[in-house]
Amino acid sequence: MGSFAPFPANEIARQRAVDHCGILLRPRNPELQRIVEEAARLARAPIAAISVVDRSRQWLAARIGIDAEEGPRRDAFCAHTILRPGEPMIVADARDDRRFGSNPAVTGHPHIRFYAGVPLVDHAGFALGALCVADTTPRLGRFDVYDLTHLARRAERIMAI
């Protein structure tokens with residue numbers, strides 16, 4: 001079980017958009033951190049982040065419940081989320097999902113079971129990363145992404161500055 005996310009068909013242009021937005025070179029933005037904290041509170045999740053999916057890594061522009069500032073793209077849930085820029089991705093129990101069952105974040109610390117991510121899309125329609133929340137327990141009921149999507153739109157506006 002487990003698979004790496006394929007690169008989007010428009011990966012070269014998408015990566016150009018990541019580079020152009022300049023978020024990877026800017027100082028951390030406290031407003032992005034506030035958005036992540038609000039996302040964690042609203043979702044009642046111990047883990048939340050704003051990720052930017054770069055060439056070979058996932059960089060966390062803001063985070064709560066995660067120690068690392070970045071990780072390999074091949075292990076990033078958000079690398080799957082960016083494949084469908086207009087759609088949130090919800091994983092009720094990562095252990096049972098063929099994409100994530102052998103993921104190091106599932107089999108080891110922090111033992112992610114539930115994940116919900118909303119793509120962060122620039123003005124040209126490229127998914128730069130995601131606003132996500134995660135939990136160490138599965139959530140087999142329906143998860144409402146309305147508030148998370150609203151927060152993602154706020155993060156997009158900040159990232160575009």
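Which residue takes a positive phi in the hairpin of β5 and β6? The residue is Gly-125, with a phi near 95 degrees. Five residues lie between the two strands of this hairpin. The model is a predicted one.

Start with strand β5, which covers residues 114-121. Seven of its eight residues are buried, so the strand is largely enclosed by the rest of the structure. Buried here means under 20% relative accessible area.

β5 pairs with strand β6, residues 127-135. The two run antiparallel, and eight bridges join them. In this pairing, Val-121 stands opposite Ala-127 of β6.

β5 also pairs with strand β4, residues 89-91. This pairing is antiparallel too, with three bridges. Here Met-89 faces Gly-117 of β5.

**A residue in a loop**

Now move to Asn-29. This residue sits in the loop between α1 (11-21) and α2 (30-43). Is Asn-29 buried, exposed or partly exposed? Its relative accessible area is 27%, so Asn-29 counts as partly exposed. That value falls between the limits of 20% for buried and 50% for exposed. Asn-29 and Glu-87 are 58 residues apart in sequence. In space, their C-alpha atoms are 25 Å apart.

| Pocket | Volume | Lining residues | Lining by class |
|---|---|---|---|
| Largest pocket | about 550 Å³ | 26 residues | 17 nonpolar, six polar, three charged |
| Second largest pocket | about 230 Å³ | 13 residues | eight nonpolar, two polar, three charged |

Which residues lie nearest the centre of the largest pocket? They are Gln-58, Ile-66, Ala-105, Pro-110 and Ile-112. Several elements give two or more residues to the lining of the largest pocket. The strands are β1 (47-53), β2 (57-64), β3 (70-72) and β6. The helices are α3 (77-81) and α4 (104-107).

The second largest pocket has a volume of about 230 Å³. Closest to its centre are Cys-21, Asp-122, His-123, Leu-128 and Ala-160. The elements that give two or more residues to its lining are α1, β5 and α5 (146-159). Which element gives the most to this lining? It is α1, with three residues.

Strand β6, its hairpin partner, gives two or more residues to the lining of the largest pocket.

Terms used. Residues are numbered from 1 along each chain as its sequence is written. This is a predicted model: local features need pLDDT of at least 70, side-chain atom pairs count only at pLDDT 80 or more; totals for chains, interfaces and linings use all residues. Side-chain values use heavy atoms; hydrogens and water are left out. Buried means under 20% relative accessible area, exposed over 50%, partly exposed in between (1.4 Å probe, protein chains only). Helices (H or I, at least four residues) and strands (E, at least two) are DSSP runs, numbered from the N terminus. Two strands pair if DSSP finds at least two bridges between them. On a 1 Å grid over the protein atoms alone, a cavity is a set of points where a 1.4 Å probe fits but cannot get out, and a pocket is an open set with protein on both sides within 12 Å along at least five of seven lines; lining residues have an atom within 4 Å of a point. Grid points are joined across faces, edges and corners, and a volume is the space filled by probe spheres set on the points. Ala, Val, Leu, Ile, Met, Phe, Trp, Tyr, Cys and Pro count as nonpolar, Asp, Glu, Lys and Arg as charged, and the others, Gly among them, as polar.
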